[in-house]
Amino acid sequence: MKTNRLLYGVVALSLMVAAWGCSDDDNANDSGLGPQAGSSGVILVEVLNERDDPVVGALVMTNPPTIRDTTGSLGTVMLEEIPVGTYQVIASKPGYGAGSKACRVSADDPANLEIDLERGSFIGPNVQIDYSYYPRRYSYIDTTDISASIIDDVDPPESLTVVWSSDVDGILLEPTLPASGLTSLVTDELSLGRHVISLEATDKDSLLGLDTAIVDIVSFQPNVYITRPYYGQYGPGDTLEFKALVRDHESDHDQIEVTWTSDLDGELHSGPPDAYDTSRFTSAVATKGIHTIEVKATDHDGNTAYDTTSVRAVLPTVSHLTSVESEYGAVTLRWTRNPDQDFDRYVIYRDWGYYFYPDSIGVVTDQDSLAFVDDNVTLGRTYIYSIGVVDTAGNSSRSPVDSVIAGTYLDYTGEITRMMADTLRDLIYLLDRSSSKLVAIDPATEQVQESIVVGSYPTDMDVDATGDTMYIANFGGTEIAVVDLESMTKARSIFVQQNPYRLECGPQGRLVYCEEDQWCDIILIDTEDGSELDVAGWGAYQPDLEMSLDRMSVYAGESGTSGGSIYRWDITGDSLHMIDETPGYGYYYPHRYLQMDRNGQYLYYYNHKINAGILSSVIGTLPKRIYVLNNAGTVILTSAGLVDTETLQTIQSMNTPGAVAAFTPDDTKLYMYDDDSERIYIILVGDD
């Protein structure tokens, strides 16, 4: 009877402790009480009375709390979706008593428990502080926030007496428990030091539930981290920048005292950090030798923190950079002369990362030679340079760094999909998909001469045999724009059946185009009305198109597939006729670009030079994959630089930012588009 619960309170608590170790699982207590990270499992519970008969309607719950349920007609219940871990399973029913066992829940096998109810044994409230098994640390300026849950098998939560207390500060909070059984201690009044925080819950029969947690209220020490000077060697008399990040959780920046010292030169600097939590100053290294630099930070509570670095003042006199200039595809460095008698060499250092961890890119042994040209640069990249001096003993010094963005570029940005030269008008044409424009650049002034809107998402262009009319594929629709190049106006539109991605001008009045899809038809149309004259339904895989010199044969080079081939059709009247294709499986993962020699004799595809008349005839192999030919047909741009089309040897190495490129009409410069920066870089050709 419920009136007997007070009588058996002590016995009940003893029963809980004794039953805690009982389990049907040999490893029930190997990882501590409570759920673990991972999946969930099942607990099957059978509840029996003192005669080993099934008990119907017994309340079954877990500690820590998860699911609570009652037994059915067979005296059993299944607790599902229990997080993996170790639990105390408690069963009780008024008039029958209570009992408990511990078990280990795994994701592999259900945990099976048989719990015997002991008449006259009752269990008080179940109290669980979240994450109570490790000490918590709070700053004395922060709010302490601790959550807990309380459940009772008989009494409703709001009837329980709940007390939060500290062994140092006494009673902290006496909340009324809500129906959910959840409670929390939120306070900023705990004193400094270690506290044992207790949560007690007492039911109406004075049975007690208790859990505790350790809380440390502290003043945190500052954080100190030296960022300068960089590790390395310096010369006596060098002025260095010293810099450290200094932060403290409880102190404002002006309440922190920072002191820098050298074990050779004594105190170097003192004072608080600035508003950006940075202590910085400049100082000359006075004494030759290896200096241990220490920074000490003391907050307003008297806590201290340290960091150290070293400075090696054993180097020759520093030579300083006087200029770092980028022009076209190279960076030119100039520096001051080193005056030392034991001079051995200058060393040029370069890096392009946020931190300066440089590589040596050149050596100059003439003491009076004060310039160096770095032509192995990636356009658009920011480079950091330093000049080193090495003496005859092997000691070296290094100058402060200077940086520059490599490359000369046009005063135009956009999303460029295609470029081509107009040798008749001495212009470079660009297709800008972001503005849907055709843009004409004057190479003499390197400025935009004219631009016009031509359609949606322009992707390719070609000029007919007259040299006066340009056709532009607008992949964003089914329109081919017709542009009068003399007036630089969009004369009209041709609307076709498919979305044009690549196109080539055939005989006068005829044009060939294709889509960008995986399996594309090659379509011959009339340029007057856009009507389809013939369709080569062979299914090219993401092709690029090229037209023969006489405009009577069209070639398609596949890409985007493990086996890419070249195909040739002849245009006879209003028909396309398959004439030739590369044999076998084709070339391994080609890169979309197909180029025709200006004499119509050779094709350049992937990294091969191929006889345009016999596609199975490979003339030679290039070092890298091809992008675009110059106007004379003597040089081709590859992914690693310029290659002579006769010898197939590299004649000018460069880091190519992308495949969208064109030579100026006189072939003296190369325009290359960089997709990352959306800039068009200019490279001098033949200047190695």
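The model is predicted, and two cavities of 30 Å³ or more are found within it. The sheet considered here is open and holds four strands, paired in an antiparallel manner.

**Largest cavity**

- By class, the lining of the largest cavity consists of six nonpolar residues, three polar residues and one charged residue.

**Second largest cavity**

- The second largest cavity has a volume of about 40 Å³, and the residues that line it are Ser-139, Tyr-140, Asp-142, Thr-144, Thr-187, Asp-188, Glu-189, Leu-190 and Ile-217.
- Its lining divides into three nonpolar, three polar and three charged residues.

**Four-stranded sheet**

- The strands of the open sheet follow the order β44-β45-β47-β48, with antiparallel pairing.
- Because β44 (544–547) and β48 (575–581) stand at the edges and each has a single partner strand, one side of each is left without a neighbour in the sheet.
- On average, neighbouring strands of this sheet are turned by 25 degrees against each other, when direction is ignored.
- Strand β47 (residues 566–572) runs antiparallel to β48 and is joined to β48 by six bridges, and Asp-570 stands opposite His-577 in β48.

How values were computed
Residues numbered from 1 in each chain as written. Predicted model: local features only at pLDDT ≥ 70, side-chain atom pairs only at ≥ 80, totals over all residues. Heavy atoms only, no water. 1 Å grid on protein atoms, 1.4 Å probe; cavity = no way out; pocket = protein on both sides within 12 Å on 5 of 7 lines; lining within 4 Å. Points joined across faces, edges and corners; volume = space filled by probe spheres on them. Nonpolar A, V, L, I, M, F, W, Y, C, P; charged D, E, K, R; others polar. Pairing = 2+ DSSP bridges. Helix = DSSP H or I, 4+ residues; strand = E, 2+ residues; numbered from the N terminus. Axes fitted to C-alpha atoms, helices over the stretch in contact; angles between N-to-C directions.
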